[in-house]
Amino acid sequence: MNDHVRDLASVREATDRLLAATGKLDNADVTQPSRLPGWTRGHVLAHVARNADALVNVLSGRPMYASAEVRDADIERDAPRPLAVQLEDVRDSAARFDEAAAVPADWSRTVALRGGVTDSASRIPFRRLVEVELHHVDLGIGYELEDLPEEFTGREIAFLVDRFAGNADVPAIVLTAADGRQWRTGSTEGDRVNVTGSAPDLLGWLAGRRDGAALDTAGAPLPALPPL
């Protein structure tokens, strides 16, 4: 079961960490490339803010974005803004999300996201937590996958594993973390590929943040994963 109340508290804590870290930057830092191809740090911060508003739409029963084109245009529009404006937007949009989540509602209801994806409303706070935590890492300002809370890392691995489960284009995979935790994903047929490594490295590979070079496959080729 998803504990949306606990996840909302985690979102607030993660947002505070993000704001504290980015508050140490300057205007020039925001214009520098992030770890996401083609995006500056300003793009990342703009996306974090607009995602909060998009999830307000989801919780309110409206389309997540007016269109993919509007989503992209909004990020491009907001990316060049000065640091102070970026931080204010991240803070204010986070408050709007928190306010929307405080409205009494049926958290077991199904809500619509992008591209025909649906999910339980109770998982929306965790989806927001993923956005804040991973994009904090994407900024490239000293917050790494190894700094993510251990519980979050395990939950996000399980979430991504579930997305690839049953995908015929992904071979059968058994992932084993250094601490013994194990997950299965991919096809239900064929020989399995055993992939072993630290939880942060497994998450980085699954989330497209690392190339998997640190993972051990016992000599087998590391499977190629479809884009998220």
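A pocket, as the word is used here, is an open set of points on a 1 Å grid over the protein atoms alone, with protein on both sides within 12 Å along at least five of seven lines, and its lining residues have an atom within 4 Å of a point. The largest pocket has a volume of about 1,000 Å³, a volume being the space filled by probe spheres set on the points. This is a predicted model, in which local features need pLDDT of at least 70 and side-chain atom pairs count only at pLDDT 80 or more, whereas totals for chains, interfaces and linings use all residues. Residues are numbered from 1 along each chain as its sequence is written, and side-chain values use heavy atoms, with hydrogens and water left out.

**The largest pocket**

- The lining of the largest pocket consists of 37 residues, and those nearest its centre are R127, V130, E131, R163 and L228.
- Two or more lining residues come from each of α3 (41-59), β2 (118-120), α6 (124-138), α7 (150-164) and α8 (199-206), where helices (H or I, at least four residues) and strands (E, at least two) are DSSP runs numbered from the N terminus.
- Helix α7 gives the largest share of this lining, six residues.
- By class, the lining of the largest pocket has 21 nonpolar, six polar and ten charged residues; Ala, Val, Leu, Ile, Met, Phe, Trp, Tyr, Cys and Pro count as nonpolar, Asp, Glu, Lys and Arg as charged, and the others, Gly among them, as polar.

- T153 lies in helix α7 and is buried, with a relative accessible area of 4% (buried means under 20%, exposed over 50% and partly exposed in between, with a 1.4 Å probe and protein chains only).
- Leaving aside neighbours within four places in sequence, T153 is in contact (heavy atoms within 4.5 Å) with L145, L148, A199, P200 and L203.
- Although F164 and L228 are 64 residues apart in sequence, their C-alpha atoms are 9.3 Å apart in space.
- Helix α8 is mostly covered, with eight of its eight residues buried, and these buried residues pack against α6, α7, β3 (173-177), β4 (182-185) and β5 (193-197).
- After α8 comes G208, whose phi is positive, near 75 degrees.

**Packing of α1 against α5**

- Helix α1 (residues 4-22) and helix α5 (residues 83-101) pack at an angle of about 175 degrees, with their axes 11 Å apart; axes are lines fitted to C-alpha atoms, for helices over the stretch in contact, and angles run from 0 to 180 degrees between N-to-C directions.
- That angle makes α1 roughly antiparallel to α5, a description that applies to angles over 145 degrees.
- The residues of this contact divide into ten nonpolar, two polar and three charged, including L8, V11 and R12 in α1 and L83, L87 and V90 in α5.

**Residues outside the helices**

- R62 is found in the loop between α3 and α4 (68-78), where R62 is partly exposed, with a relative accessible area of 43%.
- R62 and L45 are 17 residues apart in sequence and 23 Å apart in space, C-alpha to C-alpha.
- A218 lies in the segment after α8, is exposed, with a relative accessible area of 71%, and has a phi near 55 degrees, a positive value in a residue other than glycine.

Terms used:
Parallel < 35°, antiparallel > 145°, perpendicular 65-115°, else oblique. 1 Å grid on protein atoms, 1.4 Å probe; cavity = no way out; pocket = protein on both sides within 12 Å on 5 of 7 lines; lining within 4 Å.
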